[in-house]
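Hi,

Here is the model I promised to pass on. Have a look at it first, and my notes follow below.

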Amino acid sequence: MIKILIIGGGAMGSAFAIPCIENKNKVTITEPYSKTFIKNLSSKKKFHSALKINLPKKLIFKKYSNQLLKENFDLIVIALSLSGIDFIGKELKNLKVKTPILILTKGLKYEKKINKLFTISELFKKKYNRVNISALKGPCLAKELVRKKQTSVIVANKNINIAKWIGKKISTKYYLIEYSKDIIGVEICSAIKNIYSMIIGAGQNLNASSSLFQKSLNEMKYLIKYFKGKETTIESLAGVGDLYVSAAGGRNSKMGSYLGKGYKFNIAKKKFMKKDTVEGEQLVREIAPYIIKKIDKKKIPLMNSLFSAILKNKKLKIS
Ligand SMILES: NC(=O)c1ccc[n+]([C@@H]2O[C@H](COP(=O)([O-])OP(=O)(O)OC[C@H]3O[C@@H](n4cnc5c(N)ncnc54)[C@H](O)[C@@H]3O)[C@@H](O)[C@H]2O)c1
């Protein structure tokens with residue numbers, strides 16, 4: 001039994017609590033941002049409005065305060081969306097928290113001042129001086145995990161023993177854990193699949209989408225190598241695994257389908273997906289300033305077409 005603190009009571013943070021509790025760990029969840037999730041988690045029945053399910057009574061909810069981070073936890077899990085990463089990085093740095101960290105958040109961060117693109121684990125190490133960072137990624141719909149549907153994910157850390165220690169504490173019969181030393185490759189894959197699932201979704205029939213799937217894999221391979229991850233990580237749960245689930249359904253591929261039908265991005269967003277967060281769009285806005293400057297367009301033509309569609313609001317042109 002270990003003491004786990006989950007930061008982020010959204011769909012993924014709350015669903016992740018289920019296998020952790022089943023493994024007899026003492027699990028505390030906190031929510032620093034959303035009033036809705038605070039209300040859900042602090043209510044008697046713990047009904048989660050995004051997951052449409054009552055969470056276990058054993059899940060302890062504590063109001064967020066930075067002092068909570070200093071309590072005696074064995075593992076801190078970060079399940080915030082990308083926009084919350086700098087906030088929590090600063091908090092952990094200022095309080096000099098030394099607890100091992102596991103990151104569920106998918107995405108990359110652009111540091112404008114030094115013109116560098118970081119994975120979240122790199123950002124935590126280099127900007128927030130935290131050590132002992134692991135990443136958990138892979139194809140996982142929170143709505144399925146919370147209902148104990150079989151799910152496989154990958155835990156990555158250069159020190160594989162730490163990844164295995166985490167895996168042992170969280171795996172169950174329905175939550176299966178694989179391991180990787182290639183934390184950079186795993187993080188790159190799980191971030192850029194949000195962009196490529198939009199591109200695959202733009203295919204207007206299965207034949208077209210399959211061809212876009214194959215071309216997307218080639219671009220993803222190129223990008224993994226560029227950022228010094230291992231090319232073979234594309235074959236893992238964080239690569240093709242996560243790309244499949246995102247392309248088969250989800251908000252990125254839905255947006256892609258509108259772009260493929262010829263809608264301009266701003267119109268599609270307003271008309272069909274006004275209230276939805278499209279993670280691929282957020283990632284495009286975050287990484288485009290770096291990618292456009294640094295990477296040869298010809299190496300990643302699909303990604304560049306999507307940049308034009310989102311940033312310049314032009315019709316998506318892919319072949
Ligand atoms: N690792 C995995 O297996 C896996 C699986 C699915 C999703 N995810 C990732 O987990 C993350 C959360 O996804 P989700 O489905 O729970 O989303 P969600 O929208 O349900 O929850 C988002 C969480 O981030 C917080 N947040 C949002 N904006 C914030 C801000 N500006 N400052 C601080 N906190 C903020 C919200 O309050 C909430 O706790 C995403 O990055 C997603 O890609 C990971």
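An oxygen atom of the ligand lies 2.9 Å from a backbone N or O atom of Ala11, a polar contact in the sense of a pair of N or O atoms within 3.5 Å. Leu136 also takes part through its backbone, with a polar atom 2.8 Å from a ligand nitrogen. From the side chain of Ser83, an N or O atom is 3.3 Å from a nitrogen atom of the ligand. The protein covers 83% of the 860 Å² of accessible area that the ligand has on its own (Shrake-Rupley method, 1.4 Å probe).

A word on where this comes from: the model is predicted, with local features needing pLDDT of at least 70 and side-chain atom pairs pLDDT 80 or more, while totals for chains, interfaces and linings use all residues. Residues are numbered from 1 along each chain as its sequence is written, and side-chain values use heavy atoms, leaving out hydrogens and water.

Around the ligand there are 22 residues (a heavy atom within 4 Å), and Met12, Glu31, Ser81, Leu136 and Glu279 come nearest. This shell divides into 9 nonpolar, 9 polar and 4 charged residues (Asp, Glu, Lys and Arg count as charged; Ala, Val, Leu, Ile, Met, Phe, Trp, Tyr, Cys and Pro as nonpolar; the others, Gly among them, as polar).

The C-alpha trace of the chain spans about 55 × 40 × 35 Å along its principal axes.

Best wishes

Conventions
A polar contact is a pair of N or O atoms within 3.5 Å; within protein, one must be able to donate a hydrogen and the other to accept it, and residues adjacent in sequence count only if both atoms are side-chain atoms.
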